[in-house]
Amino acid sequence: QVQVVESGGGLVQAGGSLRLSCVASGSIFSINDMDWYRQAPGKQRELVATITRGGSTIYADSVKGRFTISRDNPGNTAYLQMSSLKPEDTAVYYCRAVVQRSRSGIFQQYWGQGTQVTVSS
């Protein structure tokens, strides 16, 4: 089994900051990409940021310059530092880990349960 658990969401005023954490644990041989997605009420889930095993990053245009994704050295924990938050950043934020469970196994995606981020104006 593989578990992905997010934490760090909450209520913050516009212009404020939050740091989200995502931990992948369980039967894991290696982790490739770790991503943060978000879903606002009535909208589709969208990719916010990606970090590869090698540390390369990709950001949605809407968060470039405000959000920073990072990963710890073992590679099983990802962070999303969010600054200059706007009301339109309000959403449930989900972490996805692309995991290989054995040396010969395929890569599969695992999702967390989500953490709510609410930005008040």
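Trainee: How many aromatic pairs does the count come to?

Mentor: This is a predicted model. Rings of Phe, Tyr and Trp pair if their centres lie within 6.5 Å. By this rule, the count of aromatic pairs is 1.

Trainee: Which strands are the edge strands of the open sheet?

Mentor: The open sheet has 4 strands in the order 1-3-8-7, with antiparallel pairing. An edge strand here pairs on one side only. That applies to strand 1 (2–7) and strand 7 (67–71).

Trainee: Which residue stands opposite Thr68?

Mentor: Strand 7 runs antiparallel to strand 8 (residues 77–82), and 5 bridges join them. The residue in strand 8 opposite Thr68 is Gln81.

Trainee: Which ring does the charged end of Arg45 sit over?

Mentor: A charge over a ring must be within 6 Å of the ring centre. The charged end of Arg45 is 3.7 Å from the centre of its ring. That ring belongs to Tyr94.

Trainee: Is Asp89 buried or exposed?

Mentor: Buried means under 20% relative accessible area. Asp89 has 1% relative accessibility, so Asp89 counts as buried.

Trainee: How many residues apart are Asp89 and Arg38?

Mentor: Their side chains meet in a salt bridge, 2.9 Å from N to O. Asp89 is in the loop between strand 8 and strand 9 (91–100), while Arg38 is in strand 4 (residues 30–39). The pair links distant parts of the chain, with a separation of 51 residues.

Trainee: Which residues do salt bridges that share partners join into one network?

Mentor: Asp89 also meets Arg66 in a salt bridge, at 2.7 Å. Both Asp89 and Arg66 are buried. The network joins Arg38, Glu46, Arg66 and Asp89.

How values were computed. Residues numbered from 1 in each chain as written. Predicted model: local features only at pLDDT ≥ 70, side-chain atom pairs only at ≥ 80, totals over all residues. Heavy atoms only, no water. Pairing = 2+ DSSP bridges. Helix = DSSP H or I, 4+ residues; strand = E, 2+ residues; numbered from the N terminus. Phe/Tyr/Trp six-rings, centres within 6.5 Å; stacked < 30°, edge-to-face > 60°. Lys NZ or Arg CZ within 6 Å of the ring centre and 35° of its normal. Salt bridge = Lys/Arg side-chain N within 4 Å of Asp/Glu carboxyl O. Buried < 20%, exposed > 50% of the residue type's maximum accessible area, 1.4 Å probe, protein only.
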